[in-house]
Amino acid sequence: MKKLFSTHWKSSKQPRKQRKYLAKAPLHIKHKFLGAHLSKELRDQYKIKTLPVRKEDEVIIKRGQFKGVKGKIEHVNLKKTRVHIANAQITKRDGNKVFYPIHPSNVIITNLNLKDKKRIKIIERRTKK
């Protein structure tokens with residue numbers, strides 16, 4: 001049986017191979033693709049430049065049609081590598097409001113959700129370096 005995903009893949013200039021790597025990655029590796037920059041205050045406080053986004057983190061959108069919008073993350077879609085933010089909604093023709101999917105690299109985290117003990121351990125581990 002042929003493997004769908006290889007952890008030994010280093011890099012390639014070919015876009016098709018990059019797309020294949022992103023699409024076929026297992027969820028525990030896709031979690032690493034959810035990284036977003038921290039704000040200057042958080043960067044000075046924790047001495048970390050990036051962290052994966054989590055639900056209920058407060059963010060500012062830096063790219064796209066919702067540039068400058070602040071809001072909390074309502075949902076993280078791990079399979080599609082997108083986040084849904086509270087104030088970034090579009091109105092459909094029938095009047096329903098739906099979340100607009102935004103890539104995590106296009107946001108800056110301004111306030112961390114520290115309710116999860118696992119995340120606190122991750123931050124502590126990364127600050128000791």
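## A close look at the loops

Reply: Let's start with Lys47, which is found in the loop between helix H3 (40-46) and strand E2 (50-52). Helices (H or I, at least four residues) and strands (E, at least two) are DSSP runs, numbered from the N terminus. What you see is a predicted model, where local features need pLDDT of at least 70, side-chain atom pairs count only at pLDDT 80 or more, and totals for chains, interfaces and linings use all residues. Residues are numbered from 1 along each chain as its sequence is written, and side-chain values use heavy atoms, leaving out hydrogens and water.

Lys47 has a phi near 60°, a positive value in a residue that is not glycine. With a relative accessible area of 66%, Lys47 is exposed (buried means under 20% relative accessible area, exposed over 50%, partly exposed in between, with a 1.4 Å probe and protein chains only).

Now move along to the loop between E2 and strand E3 (58-61), where you will find Glu56. Glu56 also carries a positive phi, about 75°, although it is not a glycine. At 32% relative accessibility, Glu56 counts as partly exposed.

Next come the salt bridges, of which the structure holds 3 (a salt bridge is a side-chain nitrogen of Lys or Arg within 4 Å of a carboxyl oxygen of Asp or Glu). Glu56 pairs with Lys115, their closest N and O atoms being 3.0 Å apart. This pair links distant parts of the chain, since Lys115 lies in the loop between E8 and H4, 59 residues from Glu56. Lys115 is exposed, at 66% relative accessibility.

Arg54 joins Asp116 in another salt bridge, at 2.5 Å from N to O. Here Arg54 belongs to the loop between E2 and E3, while Asp116 is in the loop between strand E8 (107-111) and helix H4 (117-127), 62 residues apart. Both ends count as partly exposed: Asp116 at 31% relative accessibility and Arg54 at 22%.

Finally, the side chains of Asp57 and Arg119 meet in a salt bridge of 2.7 Å, N to O. Asp57 lies in the loop between E2 and E3 and Arg119 in helix H4, so this pair ties together parts 62 residues apart in sequence. Both Asp57 and Arg119 are buried.
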